[in-house]
Amino acid sequence: MKKRILCYGDSNTYGYDPRTGYRYDSETRWTGVLARVLGEDFQVIEEGCNGRTTVFTDPREPWKTGSYGIQMVLNTHKPVDLVILMLGSNDLKNRFQASAAEIAQGAGTLVQEIQEFSALKQGYVPRLLLVSPPEIGNGIMKGSPFGGKGKDFFDESSVARSQQFKEEYRKVAEEYGCLFVAASDHILSSPADSLHLDPEAHDTLGHVLAEVILQEYEKKTVTKSQKTCETGEAADKLRRIIARLRDPETGCRWDKAQTLDSLKPCCVEEAVEVLAAIDCYLDTGSGENLKEELGDLLMQVVLQSQLAEEAGLFTLTDVIQGISEKMIRRHPHVFHLDDPANGDLEELIRQHQARDEEGNLIIGWDNIKEYEKRGKTDASAYLPAAFRQALVHLEDAKKEKEIE
């Protein structure tokens with residue numbers, strides 16, 4: 001599924017042409033450049049509005065306040081995987097008398113709103129790329145239609161404050177854990193009006209932002225791939241070690257002698273020792289015992305799976321796949337289709353959701369468990385005897401330790 005990127009900004013995201021007063025075409029705007037460079041794995045959503053601020057409100061046009069519209073935009077375009085936020089230039093108008101730090105904090109308020117609202121409405125927080133706007137050019141008071149001393153204009157003070165954006169926005173990005181790009185490091189405002197961008201600046205900005213995004217997703221993919229590979233290799237090594245211990249000719253005498261029935265006491269004992277290790281962790285803060293005991297319990301899973309494989313019943317892979325499918329079935333409120341958070345689980349979810357004969361999703365824990373019982377032997381009748389055996393095994397283990 002494509003990663004969805006929302007670009008929330010002002011006229012420089014809208015694509016205002018400083019020489020004509022109209023809008024650049026989609027290929028020229030930095031959002032279009034971004035989409036072209038990122039390629040087919042990404043979808044770029046444009047939400048630029050002329051005159052939009054961060055949190056400061058123009059009483060004549062209150063609807064241009066960024067904080068007023070962000071929730072509607074997020075809800076309209078969800079799911080959103082990454083938000084590029086570039087606002088603040090319009091906050092430099094004489095009307096607001098806001099410092100660079102106050103404007104940056106306004107951007108921070110928007111970041112916080114994006115994080116909180118997204119967590120509520122789409123169930124996860126998109127990555128944030130905060131962009132400090134380009135500096136206003138020194139010629140703003142020399143022929144620019146946007147320069148002047150009135151409330152709706154920019155002046156020399158606006159220029160000076162825009163030059164402080166880079167450091168103030170960087171602080172906000174660090175505070176909220178955002179990716180960060182200072183536009184002023186890469187582009188200049190057009191000499192045509194000292195405020196908006198020429199096509200060359202749009203092209204440069206689009207490429208810069210694309211590079212940051214691609215690096216971010218490449219880093220996540222590599223990290224995920226490395227962890228998956230490491231876990232898979234470790235599990236396969238353990239499987240091969242257990243199989244080696246069960247080798248009829250060269251294996252361990254004790255391991256070769258075990259059966260599914262003979263391993264019952266071991267399974268009970270290892271599970272109880274995990275409980276003890278949890279208590280130890282809660283009391284001391286050390287997780288070493290828990291790591292070891294979980295390993296012993298895992299060994300029981302692998303060893304019994306090996307016995308089952310030798311008997312032609314199932315394999316360790318079947319066990320792992322089975323519990324994965326069960327978790328998907330039993331959590332339809334988490335694993336729903338067409339959610340970017342699914343990643344490469346999408347097809348597995350599609351195959352193993354619990355659905356009735358008409359294809360409707362089955363919800364509710366009891367209903368799903370009833371669905372899972374279809375065609376299977378009910379083992380619940382064996383539970384009382386199993387609990388009694390477990391108590392006997394624990395009592396025997398206790399006596400053996402007392403003797404030791």
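The predicted model has an open sheet of 5 strands, in the order β2-β1-β3-β4-β5 with parallel pairing. Strands here are DSSP runs of E with at least two residues, helices are runs of H or I with at least four, both numbered from the N terminus, and two strands pair if DSSP finds at least two bridges between them. The edges go to β2 (42-48) and β5 (179-182), each pairing on one side only. From one strand to the next, the twist averages 15°; angles run from 0 to 180 degrees between N-to-C directions, along axes fitted to C-alpha atoms (for helices, over the stretch in contact).

Residues are numbered from 1 along each chain as its sequence is written. As this is a predicted model, local features need pLDDT of at least 70 and side-chain atom pairs count only at pLDDT 80 or more, while totals for chains, interfaces and linings use all residues; side-chain values use heavy atoms, with hydrogens and water left out.

Strands β1 (residues 3-9) and β3 (residues 82-86) run parallel and share 5 bridges. Tyr 8 has Leu 85 in β3 as its bridge partner. Helix α2 (residues 30-38) packs on the sheet and touches β1, β2 and β3, where contact means heavy atoms within 4.5 Å. The direction of α2 makes about 175° with that of β2.

Then there are the holes: 3 cavities of 30 Å³ or more. A cavity is a set of points on a 1 Å grid over the protein atoms alone where a 1.4 Å probe fits but cannot get out, and lining residues have an atom within 4 Å of a point. Grid points are joined across faces, edges and corners, and volume is the space filled by probe spheres set on them. The largest cavity holds about 60 Å³. Its lining includes Gly 51, Asp 58, Lys 93 and Phe 96.

Conventions:
1 Å grid on protein atoms, 1.4 Å probe; cavity = no way out; pocket = protein on both sides within 12 Å on 5 of 7 lines; lining within 4 Å.
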